[in-house]
Amino acid sequence: MRRRTTALAGSLLLLTVTGCGAADMTKQASPYANAGGAKTVTLSVQSWVGAQADVAVAEYLLKHELGYRVDRVQIDEVPAWDALSQGRVDAILEDWGHPEQEQRYVKDKKTITPGGDLGVTGHIGWFVPTYFAKKHPDVTDWKNLNKYASQFRTAESGGQGQLMDGSPSYVTNDKALVQNLGLDYKVVFAGSEAAQITQIEQFAKENKPFLTYWYKPQWLFEKVPMTEVKLPEYKEGCDADLEKIKCAYPHTPLQKYLNTDFAENGGKAAAFLKNFKWSEADQNEVALDIADKKMSPQDAAKKWIEGHESTWRAWLPK
């Protein structure tokens, strides 16, 4: 889905990542990664809660079913590719699409190997609260957004409507889209996924209108129903020039990637991670327990595993 080279979403409790996607965080990598003879798997943990859910479930099963030690490394999306290529981590379980890194490491250097679909389709978009969309149905067409700009104003956006984004390090085309589509809006960054969620929940509590960058899958839709604003249709290549972009974000099956040496010599752990594939509903169930019900990732994973044995049994190598 993604044609960019920055991180998708900010951190949400427990496994917080600091810094921007441009920072080189590969030095945070585990000292156990690629340790000779050690039965250890090192997983890259992305900052958004859906990816935390992936890692939590994979970690639990690697430990309790396959007998591996699991080390987790917190790295932004692009540096994670560098760390994976270097063998500092063994696997990325949720990637939203990085063509430049795929070309460099998968096709050219062959230091990274595709690990298959995660089973979840990701999509970024602009959303308004459903309670506002029901009162003003035409707001869901981008051509009518200027009509409502005054209602989306905040102290941060000044005389323009506010389009709330998460962090400058996320994958976003929003500043270019606002300019190229002639919209009377200012992109205001909340700073992180957690901060953005807090603001969305506060707006909803007060029944106020808001326009926000958001993405699926995401557990927050269960708590605050939101309706997507239709941007100009996405067509292959329409986002190639980010300065001229005028189209919506695409829908993309999320992918897993493994360090090539690990993919070839990682035994049951590598086979298990290649087999790991679950649904959006599965991921949201674990993510909701972590983010909203304040369960630890380990407890949320255990709860899901106890109720879905028929799903995860198929992931275990024969």
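Hi everyone, and a quick word on ground rules. Residues are numbered from 1 along each chain as its sequence is written, and side-chain values use heavy atoms, with hydrogens and water left out. Because this is a predicted model, local features need pLDDT of at least 70 and side-chain atom pairs count only at pLDDT 80 or more, while totals for chains, interfaces and linings use all residues.

Let's start with two helices. Helices here are DSSP runs of H or I with at least four residues, strands are runs of E with at least two, and both are numbered from the N terminus. Helix α1, residues 49–64, and helix α8, residues 267–275, have axes that come within 11 Å and cross at roughly 145°. Those axes are lines fitted to C-alpha atoms over the stretch in contact, with angles from 0 to 180 degrees between N-to-C directions. The crossing is right-handed, meaning that the near helix is turned clockwise from the far one by less than a right angle.

Who touches whom? From α1 we have Ala58, Leu61 and Leu62, and from α8 we have Ala269, Phe272 and Leu273; contact means heavy atoms within 4.5 Å. These residues divide into six nonpolar, no polar and no charged. Nonpolar covers Ala, Val, Leu, Ile, Met, Phe, Trp, Tyr, Cys and Pro; charged is Asp, Glu, Lys and Arg; the others, Gly among them, are polar.

Next, the cavity. The structure holds one of 30 Å³ or more, with about 70 Å³ of space in the largest cavity. A cavity is a set of points on a 1 Å grid over the protein atoms alone where a 1.4 Å probe fits but cannot get out, and lining residues have an atom within 4 Å of a point. Of its 13 lining residues, the closest to the centre are Trp48, Gly50, Pro217, Gln218 and Gln283. Helix α9 (280–291) and α1 each give two or more residues, and α9 gives the most, with three.

A cis peptide bond joins Lys216 and Pro217, with omega about 0°, and Pro217 sits in the loop between β7 (211–216) and β8 (226–229).

Another loop, between α3 (99–108) and β4 (112–129), holds Lys110. Phi of Lys110 is near 60°, a positive value in a residue other than glycine.

Finally, which cysteines form a disulfide? Cys238 and Cys247 do, with sulfur atoms 2.0 Å apart; the cut-off is within 2.5 Å. The torsion about their S-S bond is about 85°, so this disulfide is right-handed.

How values were computed. On a 1 Å grid over the protein atoms alone, a cavity is a set of points where a 1.4 Å probe fits but cannot get out, and a pocket is an open set with protein on both sides within 12 Å along at least five of seven lines; lining residues have an atom within 4 Å of a point. Grid points are joined across faces, edges and corners, and a volume is the space filled by probe spheres set on the points.
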